[in-house]
Amino acid sequence: MKAWWEKERLEDEIVNCRTIILSTAGCNWRSCRMCSYYLEANPKASSETILKEFRDAYEKADVVKIFTSGSFFDEREVDKEVRRKIYEFLEKEGVKKLVVESRPEFITEEVAKEIEKAKITIEVGIGVETSNDWIREKIINKGFSFQEFKRAASMLKDAGGRVKAYLLLKPPLLSEKEAIRDAVQSMKDVKSYVDVISLNLMTVHKNTIVERLWSKKLYRPPWLWSAVEVLKKTEIETICDPVAGGKSRGPHNCYNCDPEFVEAIKSFSLTQDKSYLEEVECDCEELWEVSLKGENLARLPIFVF
């Protein structure tokens, strides 16, 4: 179990958020080509252990995030009785919003009724990654379609829940320019189904296909310039936390300007003020622009929009 404090947007205010990682059995899919979070799973974790972990990690906050390196609504990870006790506990504590994650196949009518009955706002993040089925199925290997995402999102909304779409910037095998184009198009495609978008910048996880490509210099994590370019074009509330920003395994520019870019992206995420994105500058912008042009000369695009 891990837990930490961070800031979160809540109805246009910036509030304290307690983030808790529970050591459940972990993701049941375990086949996405960029993810190895399931390696942190604990298949022997009992319901009693999970509930104790949550209570030990909890501290008074306006917003609580509970992540399991999988799906909160997967009975194999967190059973409905544990979920009910968590809702009741947070309600008594006066928590205003609970944020969790789930794959769409676990958003059922029963779960929708559970969310509707809970006396706390529940926001569910779904890792749709892209609105392009070809990229999601053939490159990322996510295991569900955009139509399945839309079904789950509509069901959550009808139950009074909030929906967050996780979009991935630069899946493997996409060029930087293709990745930017896909992220921008995906933001447009998901905006009518969600309350907020989380733009996730690719990081290189251990024991993944992405790591194998990266180690052979066949993959570079996205430029922070690319993240800024995408965020400038969002039309709804969009957040972004550049995990491992400025490191070789994470999104980066020239390394010299990376701290400035990371802070600008975080400030934008909390305020939605795009002026933070307009103010960043570095001489490496020219190198980024040249790389966008050069990569198109180096190979043919792998798909057509």
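Modeller: Helices here are DSSP runs of type H or I with at least four residues, strands are E runs of at least two, and both are numbered from the N terminus. With those names in hand, let's visit the loop between α7 and α8, where lysine 217 has its place. Please keep in mind that this is a predicted model.

Start with lysine 217 itself. Its phi is positive, about 60°, although the residue is not a glycine. Is lysine 217 buried or exposed? Lysine 217 has a relative accessible area of 77%, and because the cut-off for exposed is over 50%, it counts as exposed.

Now move along the loop between α7 (209-215) and α8 to tryptophan 223. The relative accessibility of tryptophan 223 is 7%, and since buried means under 20%, this residue counts as buried. Which residues does tryptophan 223 touch, apart from its neighbours within four places in sequence? Its contacts are Glu176, His252, Asn253, Cys284, Leu287, Trp288 and Ser291.

The buried ones are Leu224, Trp225, Ser226, Ala227, Val228, Val230 and Leu231. As background, nonpolar side chains in soluble globular proteins tend to be buried together.

Asparagine 141 lies in the loop between α4 (133-140) and α5 (146-158). Like lysine 217, asparagine 141 is a residue other than glycine with a positive phi, here near 65°. Its relative accessibility is 21%, so asparagine 141 counts as partly exposed. Proline 171, in the loop between β6 (162-169) and α6 (176-190), is buried, with a relative accessible area of 0%. Beyond its neighbours within four places in sequence, proline 171 is in contact with Ile135, Ile139, Ile140, Met202 and Tyr219.

Let's step back to the whole chain. Its secondary structure comes to eleven helices and eight strands. The radius of gyration is 19 Å, close to the 19 Å that the globule rule gives for 305 residues, so the chain is as compact as a globular protein of that length. Along the principal axes, the C-alpha atoms fill a box of roughly 55 × 35 × 35 Å. Of the 305 residues, 52% count as buried. Among contacts with a separation of 6 or more, 75% are between residues 24 or more positions apart.

The largest nonpolar core has 83 residues, and Phe73 and Phe149 touch the most other members. Not counting residues up to four places away in sequence, phenylalanine 149 touches Pro104, Ile126, Val128, Phe144, Ala165, Val190, Tyr193 and Val194. A second, separate core has eight residues, among them Leu10, Ile21, Val99 and Tyr166.

Conventions:
Residues numbered from 1 in each chain as written. Predicted model: local features only at pLDDT ≥ 70, side-chain atom pairs only at ≥ 80, totals over all residues. Heavy atoms only, no water. Rg over C-alpha atoms; globule rule 2.2 N^0.38 Å. Buried < 20%, exposed > 50% of the residue type's maximum accessible area, 1.4 Å probe, protein only. Contact = heavy atoms within 4.5 Å. Core = buried A, V, L, I, M, F, W, Y, C linked by side-chain atoms within 4.5 Å.
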